[in-house]
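Here are some notes to read alongside the model. Please keep the sequence and the 3D view open while going through the points.

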Amino acid sequence: MAEKKRPGQKFKMLSVDEILGVNNEESAIDLKISEIIPFKDHPFRVTDDEKMEELVKSIRMNGILTPVLVRPTSDGKYEMISGHRRMHAATLAGLEAIPAFIRELSDDDATIVMVDANLQREELLPSEKAFAYKMKLEAIKHQGKNTRETSAHNGRKLEAAEVIGDQVGESRMQVHRFIRLTELIPEILELADRKTIPLVTAVDISFLDQTIQKYLYEYIRENGMVKSAEELRDFNRRVVAVADELGKPVCATGDVHFLDPEDEIYRRILQASLDFDEADSQPPLYLRTTEEMLKEFDYLGEEKAYEVVI
């Protein structure tokens, strides 16, 4: 039986040549930067930060050591698959051409190679993972790989999110959580990137109507993050009021990790065995009864609490 991955466990990093499908004997050709266009909806940021300055200096001294990967377009140009940062740095360094490998790739294959090459980077923002995972998930589904890939554990078929999770060292659910972030408005997604709000909170917000998300962002911008139970109640009252104005239904939900309060101890033991650092600091997320939910939201008034809970 294959060894089970643990949260935080490092996964096998493929070499650049393995990702790009380059053999040792292949030679790159120089392409004019003006003939290369960025990959459509490229989800990874290219920023002029300290690392970019270092890359520019390296290119000025040594040139581009690893050729970029492009594919030809119908109008005689080339679309960048892997190498957006190198191309940007080369432009800043004053180069007019860069070495490149040219590949004939379908849209789905190009998307998968583009995502895989960029996931090798050490630091990725939640938003970058979100859109990258979503693009790769859709590409895999288009190819039908989710019906052909099988698990090394028991021979069962894997869904596309599991294929991605196995490749990047994350669970299927974590892949889906990141993809949920693509439903956020840009302002709140930026809060997640800056770690102003934790990932789990950002995922919860992603299920809200975008009009409510905009209201939530304005509230956070004006008042900061919620710091007390009473502030949370006040915010929920405002959400209900806005929803009433917009004619939107409001549903009271709970984050449930186990059925009964007594099951918390078993969850903590399980998390500790999987090396979760916060195993002993989890909130009591058990399944509330209807009566408990009504009591939890009674600050909305008896009628409104019944409406959102029932």
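1. A residue counts as buried when its relative accessible area is under 20%, as exposed when the value is over 50%, and as partly exposed in between. Arg71 has a relative accessibility of 11%, so Arg71 counts as buried. This is a predicted model, which should be kept in mind for every point below.

2. Start with the whole chain. The chain has 310 residues, and buried residues make up 36% of them. Its secondary structure consists of 14 helices and five strands. The accessible surface of the chain is about 19200 Å², and carbon and sulfur atoms account for 50% of that area. Take the contacts between residues at least 6 apart in sequence: 69% of these join residues at least 24 apart.

3. Next come the salt bridges. Side chains of opposite charge can pair when their charged atoms come close. How many salt bridges does the structure hold? The number is 15.

4. Arg71 forms a salt bridge with Asp107, with a distance of 2.9 Å from N to O. Arg71 belongs to strand S3 (residues 68-72) and Asp107 to helix H4 (residues 107-118), so this pair ties together parts that are 36 residues apart in sequence. Are the two partners buried or exposed? Asp107 counts as exposed because its relative accessibility is 52%, while Arg71, at 11%, counts as buried.

5. Another salt bridge joins the side chains of Asp209 and Lys248, at 3.3 Å from N to O. Both residues sit in loops: Asp209 between H9 and helix H10 (210-223), and Lys248 between H11 and H12. The two are 39 residues apart, and the pair links distant parts of the chain. Asp209 has a relative accessible area of 31% and is therefore partly exposed. Lys248 is also partly exposed, with 36%.

6. Lys304 and Asp244 form a salt bridge too, and their closest N and O atoms are 3.3 Å apart. Which parts of the chain does this pair tie together? Lys304 lies in helix H14 (residues 302-309) and Asp244 in helix H11, so the parts joined are 60 residues apart in sequence. With a relative accessible area of 17%, Lys304 is buried. Asp244 has 44% and is partly exposed.

7. Some salt bridges share partners. Arg45, Glu190, Asp193 and Arg194 are joined in this way into one network.

8. The axes of helix H6 (residues 160-168) and helix H7 (residues 172-180) come within 8 Å and cross at roughly 105°. Angles of 65 to 115 degrees count as roughly perpendicular, and H6 and H7 are therefore roughly perpendicular to each other. Which residues meet where these helices are in contact? On the H6 side they are Ala161, Glu162, Ile164 and Gly165, and on the H7 side Arg172, Val175 and His176.

9. Asp41 has a positive phi of about 60°, although Asp41 is not a glycine. Asp41 lies in the loop between strand S2 (36-37) and helix H2 (50-62), and counts as exposed because its relative accessibility is 57%. Lys195, also not a glycine, has a positive phi near 65°. Its place is in the loop between helix H8 (186-193) and helix H9 (199-205). At 74% relative accessibility, Lys195 counts as exposed.

10. Ser34 is in the loop between strand S1 (29-32) and S2. Its relative accessibility is 56%, so Ser34 counts as exposed. How far apart are Ser34 and Glu96 in sequence and in space? They are separated by 62 residues in sequence, while their C-alpha atoms are 7.6 Å apart.

11. The last point concerns the surface. Val256, Leu259 and Leu287 make a nonpolar surface patch of about 260 Å². Of these, Val256 lies in the loop between helix H11 (229-246) and helix H12 (264-273). Val256 counts as partly exposed because its relative accessibility is 36%.

Technical notes:
Residues are numbered from 1 along each chain as its sequence is written. This is a predicted model: local features need pLDDT of at least 70, side-chain atom pairs count only at pLDDT 80 or more; totals for chains, interfaces and linings use all residues. Side-chain values use heavy atoms; hydrogens and water are left out. Patches are made of residues with over 30% relative accessible area and no salt bridge: like charges are joined within 9 Å, nonpolar side chains (Val, Leu, Ile, Met, Phe, Trp, Tyr) within 5 Å. Accessible areas come from the Shrake-Rupley method with a 1.4 Å probe; for residues, only the protein chains shown count as cover. A salt bridge is a side-chain nitrogen of Lys or Arg within 4 Å of a carboxyl oxygen of Asp or Glu. Helices (H or I, at least four residues) and strands (E, at least two) are DSSP runs, numbered from the N terminus. Buried means under 20% relative accessible area, exposed over 50%, partly exposed in between (1.4 Å probe, protein chains only). Axes are lines fitted to C-alpha atoms, for helices over the stretch in contact, and angles run from 0 to 180 degrees between N-to-C directions. Angles under 35 degrees count as roughly parallel, over 145 as roughly antiparallel, 65 to 115 as roughly perpendicular and the rest as oblique. Contact means heavy atoms within 4.5 Å.
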